[in-house]
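This report describes the disulfide pairing, the nonpolar core and selected loop residues of the structure shown below.

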Amino acid sequence: MACWKPCLLLLLLATAVQPTPPTCYSRMLTLSQEITGDFQSLQAAEGVEPCVRYLPALYLDIHNYCVLAKLRDFVASPHCWQVAPVDALKDKARKLFTIMNSFCRRDLVFLSDDCQALESAAPVTTGPPEGQR
């Protein structure tokens with residue numbers, strides 16, 4: 001009788017330790033923040049390839065409808081072919097575009113379509129809109 005109590009306790013601990021899998025929204029938000037941060041780090045790095053300054057600006061806000069076009073333009077940019085950090089960044093951007101355009105399309109809520117807002121400053125997105133919590 002006492003044997004099953006440690007097993008039950010172990011089972012409860014194992015299920016409590018497993019994190020919740022990411023939702024579509026949280027995956028898009030996290031990946032967009034990673035991409036924006038990586039892009040800013042790439043631009044600020046010393047000794048980086050000169051071609052980096054010719055890449056399109058990459059400040060992402062997944063609540064802005066223009067983000068899809070921004071991602072598409074960044075991935076298609078002919079600048080910095082064969083530069084490893086830029087290729088890695090383009091792969092992340094391609095992944096985010098695919099997630100937003102295919103897998104999580106129904107989960108998207110666009111709050112603006114201000115394309116100019118994605119050109120100059122990194123928007124601060126602290127959480128989902130009220131309807132998506």
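A disulfide is taken here as a pair of cysteine sulfur atoms within 2.5 Å. The model is predicted, and a search of the whole structure finds 3 disulfides. One of them is formed by Cys-51 and Cys-80, with sulfur atoms 2.0 Å apart. The torsion about the S-S bond of this pair is about 115 degrees, so the disulfide is right-handed. Cys-51 lies in the loop between H2 and H3 and Cys-80 in the loop between H3 and H4, so the pair ties together parts that are 29 residues apart in sequence.

The link of Cys-24 and Cys-104 is left-handed, with -75 degrees about the S-S bond. Cys-24 belongs to helix H2, whereas Cys-104 is in the loop between H4 and helix H5 (117-120), so this bond ties together parts that are 80 residues apart in sequence. The link of Cys-66 and Cys-115 is also left-handed, at -65 degrees about the S-S bond. Here Cys-66 is placed in the loop between H2 and H3 and Cys-115 in the loop between H4 and H5, so the parts tied together are 49 residues apart in sequence. With the bonded cysteines of the chain numbered in sequence order, the pairing is 1-5, 2-4, 3-6.

| Residue | Relative accessible area | Class |
|---|---|---|
| Cys-24 | 23% | partly exposed |
| Cys-51 | 19% | buried |
| Cys-66 | 9% | buried |
| Cys-80 | 5% | buried |
| Cys-104 | 2% | buried |
| Cys-115 | 43% | partly exposed |

Cys-51 counts as buried because its relative accessibility of 19% falls under the 20% limit.

In soluble globular proteins, nonpolar side chains tend to be buried together. The largest nonpolar core of this model has 30 residues, and those with the most contacts inside it are Met-28, Ile-35, Leu-96 and Met-100. H2, H3 and H4 each supply at least two residues of this core, and H2 gives the most, with 7 residues.

The buried residues of H4 are Val-86, Leu-89, Lys-90, Ala-93, Leu-96, Ile-99 and Met-100, and they pack against H2 and H3. At 1.5 Å a residue, the 20 residues of H4 should span 28 Å, which agrees with the 27 Å between its end C-alpha atoms. Beyond its neighbours within four places in sequence, Met-100 is in contact with residues including Met-28, Ile-62, Leu-71 and Phe-110.

Ile-62 is found in the loop between helix H2 (24-44) and H3, and is buried with a relative accessible area of 1%. Not counting residues up to four places away in sequence, Ile-62 touches Tyr-25, Met-28, Leu-29, Ser-32, Val-67, Met-100, Leu-108, Val-109 and Phe-110. The C-alpha atoms of Ile-62 and Phe-110 are separated by 7.4 Å, although the two residues are 48 residues apart along the chain.

Technical notes
Residues are numbered from 1 along each chain as its sequence is written. This is a predicted model: local features need pLDDT of at least 70, side-chain atom pairs count only at pLDDT 80 or more; totals for chains, interfaces and linings use all residues. Side-chain values use heavy atoms; hydrogens and water are left out. Buried means under 20% relative accessible area, exposed over 50%, partly exposed in between (1.4 Å probe, protein chains only). Helices (H or I, at least four residues) and strands (E, at least two) are DSSP runs, numbered from the N terminus. Contact means heavy atoms within 4.5 Å. A nonpolar core is a set of buried Ala, Val, Leu, Ile, Met, Phe, Trp, Tyr and Cys residues joined through side-chain atoms within 4.5 Å. The expected span of a helix is 1.5 Å times one less than its number of residues.
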